[in-house]
Amino acid sequence: MPHTSRRGFLALNSAAVLLPARLLAAVEARAPAAPRLDDWGKVRAQFRLSPRYIHLAGFYIASHPAPVRDAIEAFRTVLDESPFLTVERGMFEGQAQNVQRKVRDDVAAYLGGRENEIALTPNTTTGLALVYHGLRLKPGDEVLVTTHDHVVHHEAIRLSTQRNGASVRKFALFDDAASATADGIVDRVRQAIRPATRALGITWVHSSTGIKLPVRRIAQVVEEANKGRSEAERVLLVVDGVHGIGAAEESVAELGCDFFCAGAHKWIFGPRGTGIVWGKTPAWARLEPLVPSFSDVESYVAWKEDRLPRGPTNPNRVTPGGFLAYEHQWAMGAAFRMHQQMGRARVAARVRELNQRCKEGLAGIRGVTLRTPRDPALSAGITCFEVEGLKPDDVVERLLERRIIASTSPYAVSYARLSAGLMNTPEEVDQAVAAVRAIAKA
Ligand SMILES: Cc1ncc(COP(=O)(O)O)c(C=O)c1O
């Protein structure tokens, strides 16, 4: 079924049908031109969020902005007009015109990496599962992970090591996020790595406390630990990057990690049910694919010839196959292009400005304890806090009564969270801070 090899199965005369090149051209012709995004008012106007609320939980799951809605609609139209030809031509007939390839090009341009380093997934969760289950671990090997990571990260490791007999060790990067330092975090990582460690899992921006880790410095520590190790024994640095991508300034390819897993349906504003894994080429070679692929020609040819696929594992081989909601996966590129157009540095500065305003405001309220570092170098777009005498759920409930949408962190120790993104204004942040002040006083 994958590219090129499938053509022989088709009895169609291609002159009469929608070729991928024409498919993309047809889709582009249907979608309105990219809007101007040179001020934050114009960016905010791309979202259809209900004006009845102040939305400060935007990082949870995206509201599709206009360029993404338009791309989904354009792909949906051609799929509904001719599902067979659109999928057959868009997926299986030649790399040059392949729509997934075009999506990976758009993602790579934003990440600062190469398209052949990217797997397409439905979300962060699947990406982490593909990485940890893909690792060729055996009894005696160890996966190291921090105590601060999301349930799906811990569970991906538990489920993988339960099968392969490797062990898991959890360690804390800090005792208290709000007073953590980059030096302290890096020291803890250095002390935690052991000879049996084969992978280290961390989260770029924590949804538990809002802390943003110094990933590049952690990667340097991992690199030092890897000196003298064989390729098979190197510690792979696996990052859950879902709350950093689209919110922080660093390019993913420069972070220094081996694997970077993220949903595109949070800060990137991609279609719901889309995500990526970016990985270095030697790291991909350390994985066994888990789900049959529709994106790797060699796997398909090998199957037809009843032999094993040749060559090292690559991201296409790890990209889960099976038919999908293609209008969503294919429209991912529009979200990454939108971010490219806005500029990583500009987006990160706006996210920083709004959330610094939120933190400073909350820090000045008696009875409110900020759980996120105030240092912008150690935080991004999530602000966690507690109100004396109130459970986090009650804080969120009282904010909702005031038409402010906040959330609680779904961890053993839970905090209330406010998160401002590109759909918000400084005035909205001020209103939320004023509401917390009123709640704390009551
Ligand atoms: C840190 C973190 N990782 C992973 C996830 C799961 O993301 P996804 O829905 O993309 O699987 C979440 C939240 O939903 C999260 O906060």
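Here are a few exercises on this structure, each with a worked solution.

Before you start, know that this is a predicted model, where local features need pLDDT of at least 70, side-chain atom pairs count only at pLDDT 80 or more, and totals for chains, interfaces and linings use all residues. Residues are numbered from 1 along each chain as its sequence is written, and side-chain values use heavy atoms, with hydrogens and water left out.

**Exercise 1. Find which residues come nearest to the ligand, and which polar side-chain atoms lie by its oxygen atoms.**

Step 1: Start with the shell, where a residue is near if one of its heavy atoms lies within 4 Å of the molecule. There are 13 residues around the ligand, and Thr124, Thr125, Ser207, Asp240 and Lys266 come nearest.

Step 2: Sort the shell by type. You get two nonpolar, nine polar and two charged residues. For this count, Ala, Val, Leu, Ile, Met, Phe, Trp, Tyr, Cys and Pro are nonpolar, Asp, Glu, Lys and Arg are charged, and the others, Gly among them, are polar.

Step 3: Look at the ligand's oxygen atoms. A polar side-chain atom of His243 sits 2.8 Å from one oxygen atom of the ligand. For His265, a polar side-chain atom is 2.9 Å from a ligand oxygen atom, and an N or O atom in the side chain of Lys266 is 2.8 Å from a ligand oxygen atom.

Step 4: Check the cover. The protein covers 86% of the 390 Å² of accessible area that the ligand has on its own (Shrake-Rupley method, 1.4 Å probe).

**Exercise 2. Work out why the buried residues of helix H15 line one face.**

Step 1: List the buried residues (buried is under 20% relative accessible area, exposed over 50%, partly exposed in between, with a 1.4 Å probe and protein chains only). In H15, residues 392–401, they are Pro392, Val395, Val396 and Leu399. Helices here are DSSP runs of H or I with at least four residues, strands are E runs of at least two, and both are numbered from the N terminus.

Step 2: Look down the axis. The buried residues of H15 fall within an arc of 95°, so they line one face of the helix; the arc is that of the directions from the helix axis to the C-beta atoms.

Step 3: Turn to the other side of H15, where Asp393 and Glu401 are exposed.

Step 4: Ask what covers the buried residues. The cover of H15 includes strands S10, S11, S12 and S13 along with helix H16.

**Exercise 3. Say whether Phe269 and Asp306 are buried or exposed.**

Step 1: Phe269 is in the loop between strand S7 and strand S8, while Asp306 is in the loop between helix H11 and helix H12.

Step 2: Read phi. Most residues other than glycine have a negative phi. Phe269, though not a glycine, has a positive phi near 65°, and Asp306 has a positive phi of about 55°.

Step 3: Read the accessibility. Phe269 is buried at 3% relative accessible area, whereas Asp306 is exposed at 72%.

**Exercise 4. Find what His153 is in contact with.**

Step 1: Locate His153 in helix H7. His153 is buried, at 0% relative accessible area.

Step 2: Leave aside neighbours within four places in sequence. His153 is then in contact (heavy atoms within 4.5 Å) with Leu128, Tyr132, Val145, Gly201, Ile202, Thr203, Val238 and Asp240.

Key. Polar contact = N/O pair within 3.5 Å; in protein donor to acceptor, adjacent residues only side chain to side chain.
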